[in-house]
Amino acid sequence: MARYQDILKQIEDLKQEAESVRRAELQSVINEIKDKMAAHGLTVADLQGRGRGSRKSKVAPKYRNPATGETWTGRGRSPRWLAEAEAAGKSRASFLIG
């Protein structure tokens with residue numbers, strides 16, 4: 001029958017061997033990814049969604065609150081200041097910029 005200390009030593013040896021194999025496999029995967037990225041002309045920025053054509057264009061504001069200077073592009077839900085002004089009888093057109 002194996003001694004407890006012998007088993008603990010085997011466990012530690014296996015952990016070290018597993019870590020060594022893991023590092024070797026990781027390096028192989030990293031090299032494969034680098035090769036594929038180079039073959040397709042990809043960069044890390046492409047993988048992070050900041051590559052070619054993935055940038056959203058900024059929309060210029062269309063409406064401005066004259067009291068606070070807050071702006072709204074006219075997209076999405078209207079801001080509270082505009083909704084309250086319209087509820088008070090003001091025209092949305094009166095808040096148009098330019």
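Me: Hi! Among contacts between residues at least 6 apart in sequence, what share joins residues at least 24 apart?
Reply: Hello! In this predicted model, 27% of those contacts in the chain join residues at least 24 apart.

Me: Thanks. Which elements does the chain have, and in what order do they run?
Reply: There are three helices and two strands. Starting at the N terminus, the order is α-α-β-β-α.

Me: Is the chain a compact globule or more spread out?
Reply: More spread out: the radius of gyration is 31 Å, while the globule rule gives 13 Å for 98 residues, so the chain is well over that value. Along the principal axes, the C-alpha atoms fill a box of roughly 90 × 40 × 15 Å.

Me: Nice. How much of the chain is buried?
Reply: Buried residues account for 10% of the 98.

Me: Which residues form the largest nonpolar core, then?
Reply: That core has six residues, namely Y63, W72, W81, L82, A85 and F95. Helix α3, residues 80-87, gives the largest share of this core, with three residues. As a general point, nonpolar side chains in soluble globular proteins tend to be buried together.

Me: Let's zoom in on L82. What does L82 touch, leaving out residues up to four places away in sequence?
Reply: L82 touches W72, R92 and F95. Both W72 and F95 belong to the six-residue core as well.

Me: And N65, where is that one?
Reply: N65 sits in the loop between β1 (63-64) and β2 (71-72).

Me: Buried or exposed?
Reply: Buried. The relative accessible area of N65 is 10%, and the cut-off for buried is under 20%.

Me: What is N65 in contact with, beyond four places in sequence?
Reply: Its contacts there are E70, W81 and F95. Of these, W81 and F95 are also members of the largest nonpolar core.

Me: What about Q5?
Reply: Q5 lies in helix α1, which covers residues 4-40. Its relative accessibility is 47%, so Q5 counts as partly exposed. Q5 and Q48 are 43 residues apart in sequence, and 48 Å apart from C-alpha to C-alpha.

Me: Last topic, charges. How many positive and negative side chains are there?
Reply: The chain has 19 positive and 12 negative ones. The centres of the two sets lie 15 Å apart.

Methods. Residues are numbered from 1 along each chain as its sequence is written. This is a predicted model: local features need pLDDT of at least 70, side-chain atom pairs count only at pLDDT 80 or more; totals for chains, interfaces and linings use all residues. Side-chain values use heavy atoms; hydrogens and water are left out. Helices (H or I, at least four residues) and strands (E, at least two) are DSSP runs, numbered from the N terminus. The radius of gyration is taken over C-alpha atoms; the globule rule is 2.2 Å times the number of residues to the power 0.38. Buried means under 20% relative accessible area, exposed over 50%, partly exposed in between (1.4 Å probe, protein chains only). Contact means heavy atoms within 4.5 Å. Lys and Arg count as positive and Asp and Glu as negative; His and the chain ends are not counted. The place of a charge is taken as NZ of Lys, CZ of Arg, CG of Asp or CD of Glu. A nonpolar core is a set of buried Ala, Val, Leu, Ile, Met, Phe, Trp, Tyr and Cys residues joined through side-chain atoms within 4.5 Å.
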